[in-house]
Amino acid sequence: MDKDNLEKDIKLNQQNSQEYKVKNTVDKISTDEAVCNIINSMEEEISTIFSRSKSLKPCPIGSAVSGICCKNCSMGPCRVRENTTGLCGATLATIAARNLGRHIAAGASAHSDHGRDMAHLLALTAQNKAEGLKIKDELKLFRLAKNLGISTNDRTVNEIAAEVAEKSLSLFGNQTGEIDLIKIAPKKRQDIWRKYNVVPRGIDREVVEMMHRTNMGVDQDPENILDQAIRTALSDGWGGSMLGTEITDILFTTPVPLAAKSNLGMLKKDEVNIVIHGHEPTLSEIIAELSDQEELVQYAKSKGANGINVVGICCTANEVLMRQGVAPIGNFLSQEAAILTGAVELMVVDIQCIMQSLGELAKKYHTKLVTSSPKAKIPGAIHMEFNETNGVTLAKEIIKTAIDNFKNRKEKICIPEIKSDLIAGFSHEYIRYMLGGRFRESFRPLNDGIIDGRIQGIVAIVGCNNARITHDDYHNYLAKELIKRDYLVVQTGCGAIANAKCGIMVPEAMEFAGEGLRSICEAVGIPPILHLGSCVDNSRILTIASEIVKEGGLGEDISDLPAAGIAPEWMSEKALSIGTYFAASGVYVAFSGQPIPIESSQEVKKIMTEGWQEKFGGQLEYIQDIDLLLEKVINVIQAKRKALKIDIKKERVLMDMEARRKLQDV
Ligand code: BF8
């Protein structure tokens with residue numbers, strides 16, 4: 001590059017960076033008053049994600065807003081714009097597709113490796129080697145066995161579990177064929193995947209091939225690269241994540257609705273506070289169970305505390321909330337605030353979405369930060385390793401460490417008096433049961449509600465928080481706007497915790513819902529926003545969508561359903577994998593907050609919208625303006641209603657007691 005061009009390039013970069021800064025200024029850090037109170041009441045300047053987001057701006061090239069960065073070989077990093085190429089000749093579109101493919105491979109790996117650990121745990125449980133664990137949901141085990149083609153006749157539960165574990169683990173290493181769980185999808189959907197050659201063969205295989213194809217000088221056709229990205233994402237949604245959800249239900253029970261409370265106000269001033277954080281539920285389920293044990297409670301009392309209070313953050317919280325009602329005190333952006341209260345004796349973390357800053361932050365407080373997974377150590381933390389066979393012993397040791405730390409509280413305790421009620425625990429099994437009743441469980445009433453227009457559609461609002469935008473704002477805004485217009489909202493991950501903290505995950509929220517949705521919620525006794533669990537539990541949404549299709553009356557495929565997905569505050573690579581497997585399953589998906597890392601390539605954007613729409617009947621796009629996003633989602637769903645010929649609103653029939661009883665008794 002000559003000197004003039006170099007100067008031009010630098011100037012353009014600065015200009016882009018400047019524009020980008022203006023667009024992304026966050027006025028309010030959070031809509032969660034508890035988090036705002038904690039951050040605003042800090043007496044000394046302590047670095048948090050909110051302060052760092054002000055001083056460290058995102059690189060416009062790295063985030064693929066005004067160009068793209070390729071660093072897959074040491075001749076670069078190459079900064080590439082439209083009409084320029086990297087040293088090897090790679091175009092912007094090729095680099096964008098490659099980078100996205102790698103992000104998806106990482107996101108799918110995270111979910112699937114979690115699923116693998118659950119399968120491994122099931123194998124040890126079947127051999128009675130997993131301390132404190134046994135199979136709690138035999139029915140669910142039989143169902144998974146059936147889906148994996150395993151016979152359940154004349155065999156003990158442990159024999160079946162052992163074979164289910166073995167078969168599940170084999171899905172990771174399969175080299176050819178198709179992973180079994182795709183057969184849960186409607187037949188038409190499976191045929192679409194086969195037609196475009198994107199059916200996952202083996203979970204690990206797809207990730208490895210994605211990494212290979214994006215290595216220097218291999219796959220250079222953006223569409224071909226993105227087809228492999230789709231196959232990788234499908235191996236997550238219909239593979240690793242689905243196994244994670246199914247096996248967690250088998251080991252810890254399939255969730256049913258339960259009441260709980262959320263937010264930082266659930267920390268207790270006079271009790272030993274233990275925060276469970278991360279994504280793998282096993283150790284945390286045991287900690288939560290043991291925290292009521294008389295011996296441990298007495299030990300806490302002997303140290304001056306009134307009891308033991310286990311609360312959670314992120315998806316470990318969602319998992320243990322769904323089955324034991326443990327309070328989610330916060331989502332991704334609340335993790336530092338929890339320590340800043342000065343009331344946390346111990347935070348035990350496993351894997352994923354754990355900020356490294358916790359190590360330094362914990363040192364300033366009396367909080368002990370404990371890492372438990374060999375896969376995730378943090379400088380400054382104490383490592384107490386969970387190895388599947390030491391659950392109870394380790395959980396007790398962790399609880400005792402927390403109790404012993406109670407006396408070391410030194411900082412001012414600052415627990416905001418803010419908490420909200422919530423209802424969680426909506427597994428797909430329970431939704432079918434609650435709609436149809438005990439003897440005739442069915443999705444029929446839901447399908448009928450959609451067909452007659454009382455429910456206009458189903459929208460999944462999922463995914464993370466992102467410090468570049470106001471914490472929880474988009475999650476809560478969209479959920480309220482959608483239920484108002486008669487769209488049933490399903491939630492997972494940090495989005496679910498956002499809605500819970502905002503107080504709209506309770507039946508009372510039906511007062512904000514439209515008339516049609518309200519009539520269904522009242523008859524069935526559910527909130528208009530359903531908490532489906534953690535991020536791997538997005539696989540529950542795939543199962544629900546498949547069951548709705550199977551029930552009939554709403555087309556033959558997931559792409560026919562009046563449904564959409566939104567990740568309005570996405571941050572993690574896992575969200576890109578989720579968005580992609582939903583799009584490839586036939587769902588319209590919109591991301592907001594921060595751009596998806598292909599924004600500068602018109603060619604890749606076209607493939608992921610028009611191209612994927614044509615091939616898979618779904619698409620994935622970024623829409624910055626949240627109102628435009630809302631409008632687009634509604635338009636997409638209304639177009640699907642029109643195609644199904646259910647767009648003409650039927651006369652609203654006021655439901656008398658008999659009609660309500662009918663709905664309950666179907
Ligand atoms: O897996 S929503 S910030 S906590 S990645 Fe992480 Fe995103 Fe939260 Fe759960 Ni999901």
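**Close-up views of a predicted model**

**View 1. Helices H9 and H23 pack with their axes within 11 Å, crossing at roughly 60°.** H9 covers residues 222-252 and H23 covers residues 602-616; helices (H or I, at least four residues) and strands (E, at least two) are DSSP runs, numbered from the N terminus. The model is predicted: local features need pLDDT of at least 70, side-chain atom pairs count only at pLDDT 80 or more, and totals for chains, interfaces and linings use all residues. Residues are numbered from 1 along each chain as its sequence is written, and side-chain values use heavy atoms, with hydrogens and water left out. Axes are lines fitted to C-alpha atoms, for helices over the stretch in contact, with angles from 0 to 180 degrees between N-to-C directions. H9 and H23 are therefore oblique to each other (angles under 35 degrees count as roughly parallel, over 145 as roughly antiparallel, 65 to 115 as roughly perpendicular and the rest as oblique). The crossing of H9 over H23 is right-handed; this label applies if the near helix is turned clockwise from the far one by less than a right angle, and left-handed if anticlockwise. On H9 the contact (heavy atoms within 4.5 Å) is made by Pro222, Glu223, Leu226, Asp227 and Ile230. On H23 the contributors are Glu603, Val604, Ile607, Met608, Trp612, Lys615 and Phe616.

**View 2. Strand S11 (residues 457-461) is covered on both faces and pairs with S12 and S14.** Five of the five S11 residues are buried, where buried means under 20% relative accessible area, exposed over 50% and partly exposed in between (1.4 Å probe, protein chains only). Gly457, Val459 and Ile461 lie on one side, and Ile458 and Ala460 on the other. S11 runs parallel to S12 (residues 487-491), joined by five bridges; two strands pair if DSSP finds at least two bridges between them. Gln491 of S12 is the bridge partner of Ile461. From S11 the chain passes through helix H18 (residues 473-484) to S12 in a right-handed β-α-β crossover, a path that runs clockwise from the first strand over the helix to the second with the strands pointing away from the viewer. Four bridges link S11 to S14 (residues 563-567), also in the parallel sense, and Val459 has Ala564 of S14 as its bridge partner.

**View 3. Six strands form an open sheet with parallel pairing.** The strand order is S6-S5-S4-S7-S8-S9. At the edges, S6 (327-330) and S9 (382-383) each pair on one side only. Six bridges hold S4 (residues 272-278) parallel to S5 (residues 308-313), with Val272 opposite Ile308.

**View 4. Leu346 is a residue of strand S7 (residues 346-349).** Leu346 counts as buried because its relative accessibility is 0%. Beyond neighbours within four places in sequence, Leu346 is in contact with Asn273, Ile274, Val275, Thr367, Lys368, Val370, Ile398, Thr401 and Ala402. The C-alpha atoms of Leu346 and Ala362 are separated by 9.2 Å, the two residues being 16 apart along the chain.

**View 5. Thr282 is in helix H10 (residues 282-290).** Thr282 counts as buried because its relative accessibility is 4%. Residues up to four places away in sequence aside, Thr282 touches Met118, Leu121, Leu133, Phe252 and Phe386.

**View 6. Helix H19 (residues 493-501) is mostly covered.** Nine of its nine residues are buried, including Cys494, Ile497, Asn499 and Lys501. H19 is followed by Gly503, with a positive phi near 80°.
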